[in-house]
Amino acid sequence: MIDVALLGTGGMMPLPNRWLSSMMLRYNGSSILVDCGEGTQVALKEQGWSPKPIDVMIFTHMHADHISGLPGMLLTMGNADRREPLLIVGPKGITRVVEGLRMIARDLPFEIEYKEIGANEESFDVCGLKVEAFRVCHNVTCYGYSFSLERAGKFDAKRAREQGIDIKLWSRLQRGETITVDDMTFTPDMVLGPSRKGLKVTYCTDTRPLDIIARKAEGSDLFICEGMYGEKDMLDKAKEHKHMTFYEAATLAKKAEVKELWLTHYSPSLPNPKAYTKEVREIFPGTVVAKDGRTVELKFEED
Ligand SMILES: [Zn+2]
Ligand SMILES: [Zn+2]
């Protein structure tokens, strides 16, 4: 089970009732925060979720509306007496930017570790989730991220019995352990059926639409994507500022065959994003013109 909260839905500047775009994922006792602009702490507080269990912070890019809330967030985590190390992930150069911001957030009771992404595509594991970073097209280096929770196949007692595997080893193999007994090695795949559909969340903001976004978001249970403008005549502006319209985001969602699309990162010039719901759903019916604080609890499908 993965909990997702879209803490804010604003782009460029926070507004009353619209904090800057940021997402938090909770899985298995760990929290992952994606982007932390000005005011993300307040949005988190409104959500009632704690910053203390944030084990990983991931940044799409180093524009202020996505990272300027970091020093305050670090201080709050320090004041909550967090001791465990924090991993910060972002585009190449993130270490230098965060170390600069730390000039105003010194003396933290926890270590910060860094992971800089340089390649166009990169996969890594955090907190039991597989993360795929993919470079998108903005006016500075920017990445989108997919988070996947894989699900092993069902235990197959018949297969285990046929291979003569001692019943005492079954539960350990089922839990994913590899066991060696008297020079014989038993692996979990020997007792499990084909792997089952897991869970996938893709977060992508500050970019023009690209094929790679649809490819990486493919089959997501939830695709959170920027939609800077709802007005159809703003396409040129979206192109100029390297952002997307609602309709471009919905087209990507349709291509990627995701279950649900949540729009985010609205222009401050857009007072009522929901006014465009009907038009955008004509392209992708599973679109939600999201508001701050929207949450979902993603669960594995029933067998
Ligand atoms: Zn932005
Ligand atoms: Zn940006």
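Modeller: The answers below set computed values against the criteria behind each term, and the model is a predicted one.

Colleague: What makes the protein chain agree with a compact globule?

Modeller: The protein chain has 303 residues, for which a compact globule would have a radius of gyration near 19 Å; the value here is 21 Å, which agrees. Along its principal axes the C-alpha trace spans about 70 × 50 × 35 Å. The chain contains 10 helices and 16 strands, and buried residues account for 51% of the 303 residues.

Colleague: Which atoms are the protein donors of the zinc ion (ligand 1), and how far from it do they lie?

Modeller: They are D65 (OD), H66 (NE2), D206 (OD) and H265 (NE2), lying 2.1 to 2.3 Å from the ion. A donor must be an N, O or S atom within 2.8 Å of the metal, and water is not among the atoms, so the site may look incomplete. Along the chain these donors follow the spacing D-H-x139-D-x58-H.

Colleague: Why is the arrangement around the zinc ion (ligand 1) called irregular?

Modeller: The 4 donor atoms subtend angles of 92 to 156°. Four donors count as tetrahedral if all angles lie between 85 and 135 degrees. As for its place in the fold, D65 lies in helix α2 and H265 in the loop between β14 (261-264) and α10 (277-283), so the pair ties together parts that are 200 residues apart in sequence. Both D65 and H265 are buried.

Colleague: What coordinates the zinc ion (ligand 2), and why is its site called irregular?

Modeller: H61 (NE2), H63 (ND1), H138 (NE2) and D206 (OD) coordinate the zinc ion (ligand 2) at 2.2 Å. Angles among the 4 donor atoms run from 87 to 170°, whereas a tetrahedral site needs all angles between 85 and 135 degrees. The site is therefore not tetrahedral, and it is classed as irregular. Its donors are spaced H-x1-H-x74-H-x67-D along the chain. H63 lies in the loop between β4 (54-58) and α2 (64-67) and D206 in the loop between β12 (196-204) and α7 (211-217), so this pair ties together parts that are 143 residues apart in sequence.

Colleague: Why is D206 called buried, and why is H63 called partly exposed?

Modeller: Buried means under 20% relative accessible area, and exposed means over 50%. D206 has a relative accessible area of 1%, and it is therefore buried. H63, at 24% relative accessibility, lies in between and counts as partly exposed.

Colleague: How much space lies in the largest pocket, and which residues are closest to its centre?

Modeller: The largest pocket holds about 190 Å³ of space. Of the 14 residues that line it, N17, R18, P271, P273 and K291 are the closest to its centre. By class, the lining has 7 nonpolar, 3 polar and 4 charged residues.

Technical notes: Residues numbered from 1 in each chain as written. Chains lettered and ligands numbered in written order. Predicted model: local features only at pLDDT ≥ 70, side-chain atom pairs only at ≥ 80, totals over all residues. Heavy atoms only, no water. Donors = N, O, S within 2.8 Å, 3.2 Å for Na, K, Ca; no water. Tetrahedral: all angles 85-135°; square planar, octahedral: opposite > 155°, others 65-115°. Helix = DSSP H or I, 4+ residues; strand = E, 2+ residues; numbered from the N terminus. Buried < 20%, exposed > 50% of the residue type's maximum accessible area, 1.4 Å probe, protein only. 1 Å grid on protein atoms, 1.4 Å probe; cavity = no way out; pocket = protein on both sides within 12 Å on 5 of 7 lines; lining within 4 Å. Points joined across faces, edges and corners; volume = space filled by probe spheres on them. Nonpolar A, V, L, I, M, F, W, Y, C, P; charged D, E, K, R; others polar. Rg over C-alpha atoms; globule rule 2.2 N^0.38 Å.
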